[in-house]
Amino acid sequence: MIVFEGISKYYGSSTILENATFSLHEQKRTGLIGPNGSGKTTILRMLGGEDEPDRGRIAAPSEFSIGYLPQEVEVFEGATAMEIVLQPFRHLLSYEANLQKIGETTDGADHEKMLEQIDALHTAMEIHDGYSLAARAEAILSGLGLSEEQWQQPVEYLSGGFRMRAVLGRLLLLAPDFLLLDEPTNHLDMDSLIWLEKYLLRIKSGMLIVSHDRDFLNRITSFTAGIENKKVITGTGNYDQFKRVQEETAANEANRVKNLSLRIARNERFVERFKAKATKATQAQSRIKLIEKLTAELPEPQEDLQQRTIRFSFPVPIQTGAIPFLCDNISAGYNGKMVFDNLSLSINRGDKVAIIGPNGSGKSTFLKLLAGIIHPNSGTLDTGTNVQIRYFGQHQLEQLDPHKTLYETVRSDAVITEKTFIRNILGAFLFSGDAVDKPAGVLSGGEKARLVLATILAGPGNILLLDEPTNHLDIDSIAMLTDAMAAFAGTIVFVSHDEYFVSRIATRIVEMRPGMVRDFPGSLADYRYYLETPFGTNGSPSDRNDHDLQENTVSEDKVRRIKEREDRKKLQRAIEKCERRIAEQESVIAALDEILHHPSNAVDHVLLQQTTENHSREQSNLDQLLKEWEELQHELEKVL
């Protein structure tokens, strides 16, 4: 067992943990949960040896190796991703050379020492399967979503997310006895997330995992440790199971406190009524002692951090046109490098579209395009009427004025500038008291994200474009944000890797991959099933193809149904596009009819002849569109 005994930890005047005693099974996968600021990362750092408790001690089994993945990983200047993963095994990768070196540097007098070194090298090769290290490193980096080209790039040229994956890959290859993982799903797309889940479930290491992705915790963990009121409570079960037990315990405790309070009140009324009567004096004294006893059993008031979460709702926005965004053969990219090409997609009023796909496929670029932050290299983007866009993304965090206070930042975007209104919004995002008067420049990344979300609430539009809005939020705050977004009456287009958030908001899923954009015909659960299928045969999502899916007899029917839904969706989109073209064509013909029938044009024979020819041509085009529409309707009827 890993035992935390009487642990206390302070940062300045703030108490993070106070006399916390709990234990973790060294071979189990445990989820560590609690609100932001409750001490989750502190516990990981203390167990990983990067911090120490101010009081108490931590005991772990002897010869017990621990690997720690922090949220902010170190930068390896000049090292490639592959070098980072293999760095702890350099002596094994040059096994033959190291054997020769041991023989050359050890003279005959140190023969016993030489044998010990050779034996240690042999043992390490056996333990770590030294001959397969490079192949396993490649498999891990590939599973985590790094391409062969990225393996050999210095990591300073990679994004922070890919640097994190390289460090995670090294940790997985090391395979310590116990893994400490602080938000390992940050920056992972669904392909990589599914691979990581399968890998963690397969290895024998114990784990302590901090994650804001409750679905990830539910699939991976079988034990849970929850931080409450500076203490740690442990229990069997994943996140949902642990929370159910907590809720039952809280309900029982609430009933106990209620009954105690009723008994105290009843006895207080007796004392108040009869304390002055000599015949009841003895009984009154007895009731006073009982009141003291019952009062001592009442729990002390505690600050409930679980309730300090985001709570808000959006006002009803004005309606946009039927199609807020219409993309036609759009290409976009940066510095001459194309991110996506020939993208055609329409966003309908009221859609809540989740953009899903691997990192680097253009999801964030697409949101920036819709927001007007960047412009297409080619193609057209038509924006509908009455569109009021609010955009949330890393770009917005960088654009915060560091000198403005939190109060001033929100007030500058607010539809109502009353002081109470501004403070209420800030309070909903956990900024209260004197904190609202500090400058935005001193905020952490998570605090900046909450501040930008607060500005969106202060001046809501009818189109929300959200790029990873749940990053830096704890599980309870994500649940609150999810409820508000699900109830939002406008249109949402968003990128998120949080399955809980996506599955409860998205009414439509659009998959983006290099060279491909499509409406996925199903729910997020269907999409995850589609990605998971190849793992049953040790495949990789990037290697899947229709033949592989058909060979899997278990999923054959599922794949067929998904394809049928996809065909229906494509036909419905084609019919909608055809209907829009028909409406436009009818408007053109109506304008020509007006010219032909207007009395003032009766003597203008040249105009009438030219208009008649145009009318005939446009009517022919309309007839062709109507024929196309009928054929599409006939095809749709076949697959319904």
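Figure 1. A search of the whole structure finds zero disulfides, a disulfide being a pair of cysteine sulfur atoms within 2.5 Å. The model is a predicted one, in which local features need pLDDT of at least 70 and side-chain atom pairs count only at pLDDT 80 or more, while totals for chains, interfaces and linings use all residues. Residues are numbered from 1 along each chain as its sequence is written, and side-chain values use heavy atoms, with hydrogens and water left out. Cys327 counts as buried at 3% relative accessibility, and Cys578 is buried with a relative accessible area of 2%. Buried means under 20% relative accessible area, exposed means over 50%, and partly exposed lies in between (1.4 Å probe, protein chains only).

**Figure 2. The largest nonpolar core and helix H17.** A nonpolar core is a set of buried Ala, Val, Leu, Ile, Met, Phe, Trp, Tyr and Cys residues joined through side-chain atoms within 4.5 Å. The largest such core has 48 residues, of which Phe392, Val410, Leu426, Phe429, Leu451, Met485 and Phe494 touch the most other members. Helix H17 (residues 445-458) supplies the largest share of this core, eight residues. Helices (H or I, at least four residues) and strands (E, at least two) are DSSP runs, numbered from the N terminus. Leu451 is in contact with Leu400, Leu406, Thr409, Val410, Leu426, Phe431, Ala440 and Leu443, leaving aside neighbours within four places in sequence; contact means heavy atoms within 4.5 Å. A second, separate core of 44 residues includes Leu69, Ile84, Val85 and Leu196. In soluble globular proteins, nonpolar side chains tend to be buried together.

**Figure 3. Length and burial of helix H17.** From its first C-alpha to its last, the 14-residue helix H17 reaches 20 Å, close to the 20 Å expected at 1.5 Å a residue. The expected span is 1.5 Å times one less than the number of residues in the helix. H17 is mostly covered, with 11 of its 14 residues buried. Among the buried residues of H17 are Gly446, Arg450, Leu451 and Thr455. Arg450 also lies over the face of Phe431, at 4.8 Å from the ring centre. A charge sits over a ring if NZ of Lys or CZ of Arg is within 6 Å of the ring centre and within 35 degrees of the ring normal. In another such arrangement, Arg214 lies over the face of Tyr500, at 4.2 Å from the ring centre.

**Figure 4. Aromatic pairs.** Rings of Phe, Tyr and Trp (its six-membered ring) pair if their centres lie within 6.5 Å; planes under 30 degrees apart count as stacked, over 60 as edge-to-face and the rest as tilted. By this rule the count comes to eight aromatic pairs. Phe64 and Phe178 form a tilted pair, because their ring centres are 5.9 Å apart and their planes stand at 40 degrees. Phe64 lies in the loop between strand E4 (55-59) and strand E5 (66-69), and Phe178 lies in strand E6 (residues 178-182), so the pair ties together parts that are 114 residues apart in sequence. Both Phe64 and Phe178 are buried.

The rings of Phe520 and Tyr530 also make a tilted pair, since their centres are 5.9 Å apart and their planes are at 45 degrees. Phe520 belongs to strand E18 (residues 516-520) and Tyr530 to helix H20 (residues 524-532), 10 residues apart. Phe520 is buried, with a relative accessible area of 3%, and Tyr530 counts as buried at 18% relative accessibility. Ring pairs link Phe520, Tyr527 and Tyr530 into a cluster.

Figure 5. Glu579 has its place in helix H22 (residues 556-597) and is partly exposed, with a relative accessible area of 38%. The C-alpha atoms of Glu579 and Leu626 are separated by 8.7 Å, although the two residues are 47 residues apart along the chain.

Figure 6. Asn218 is in helix H10 (residues 214-220) and counts as buried at 16% relative accessibility. Beyond residues up to four places away in sequence, Asn218 touches Asn238, Tyr239 and Asp240. Val245 lies in helix H11 (residues 239-274) and counts as partly exposed at 46% relative accessibility. Val245 and Gly235 are 10 residues apart in sequence and 8.7 Å apart in space, C-alpha to C-alpha.
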